[in-house]
Amino acid sequence: MNLKDQNKQVDPTKSELEILQVLWDKGPSTVREVNNELLKQKEVNYTTTLKLMQIMADKGILSRDESQMKHIYSVAEEEQKTKAYLLDKFVDSMYKGSASKLVLQILGNKNTSRQDLQDIKELIKKLEEE
């Protein structure tokens, strides 16, 4: 069962997002491969990673290929679809749906480079032309 079958989006936990990031970066992988990548960032037990990935498969966040001895896990939904959903949810809950308030907050909190500002201007221009 994947997210499309459930007809709803599942909110991944922080630990699940870390696993998703590994799979987005590396592609379909075994639990051992994911665990090895996570170990580069923090201390994590193999059994914890295994259990989390099994739970994620049960939730429909991951799909599992059991055709080989080593199960291969992959992300059930496209990266951009998941990120867009999470960003929309964040903007709705934290900024009452206002993307401009989010952007103003981000630009106000960070040292925005000239290149970043140029990229933003180009994106705005492109959106205005559409």
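In this predicted model, glutamate 37 pairs with lysine 40 in a salt bridge. The closest N and O atoms of the two residues are 3.0 Å apart. Lysine 40 has a relative accessible area of 63%. That value is over 50%, so lysine 40 counts as exposed.

Side chains of opposite charge can pair when their charged atoms come close. A search of the whole structure finds nine salt bridges. One of them joins lysine 89 to aspartate 11. Here the closest N and O atoms are 2.0 Å apart. Lysine 89 belongs to helix α5, which spans residues 79-95. Aspartate 11 sits in the loop between α1 (3-6) and α2.

The accessibility of the two partners can be set side by side. Glutamate 77 is buried, at 6% relative accessibility, whereas lysine 81 is partly exposed, at 39%. Salt bridges also link Lys14, Glu18 and Lys42 in a network.

Two packed helices are described by the angle between their axes and the distance between the axes. Helix α2 covers residues 14-26, and helix α3 covers residues 31-39. They pack at an angle of about 110°, and their axes are 10 Å apart. Angles from 65 to 115 degrees count as roughly perpendicular, so α2 is roughly perpendicular to α3. On the α2 side, the contact is made by Glu18, Ile19, Val22, Leu23 and Lys26. On the α3 side, Val34, Glu37 and Leu38 take part. By class, this contact of α2 with α3 has five nonpolar and three charged residues, and no polar ones. Glu18 of this contact also belongs to the salt-bridge network with Lys14 and Lys42, and Glu37 is the partner of lysine 40.

The loop between α2 and α3 holds serine 29. At 3% relative accessibility, serine 29 is under the 20% limit, so it counts as buried. A polar atom of the serine 29 side chain lies 2.7 Å from the backbone oxygen of glycine 27. Beyond residues up to four places away in sequence, serine 29 touches Leu23, Val34, His71, Ile72 and Tyr73. Among these, Leu23 of α2 and Val34 of α3 also take part in the contact between the two helices.

Key. Residues numbered from 1 in each chain as written. Predicted model: local features only at pLDDT ≥ 70, side-chain atom pairs only at ≥ 80, totals over all residues. Heavy atoms only, no water. Axes fitted to C-alpha atoms, helices over the stretch in contact; angles between N-to-C directions. Helix = DSSP H or I, 4+ residues; strand = E, 2+ residues; numbered from the N terminus. Parallel < 35°, antiparallel > 145°, perpendicular 65-115°, else oblique. Contact = heavy atoms within 4.5 Å. Nonpolar A, V, L, I, M, F, W, Y, C, P; charged D, E, K, R; others polar. Salt bridge = Lys/Arg side-chain N within 4 Å of Asp/Glu carboxyl O. Buried < 20%, exposed > 50% of the residue type's maximum accessible area, 1.4 Å probe, protein only. Polar contact = N/O pair within 3.5 Å; in protein donor to acceptor, adjacent residues only side chain to side chain.
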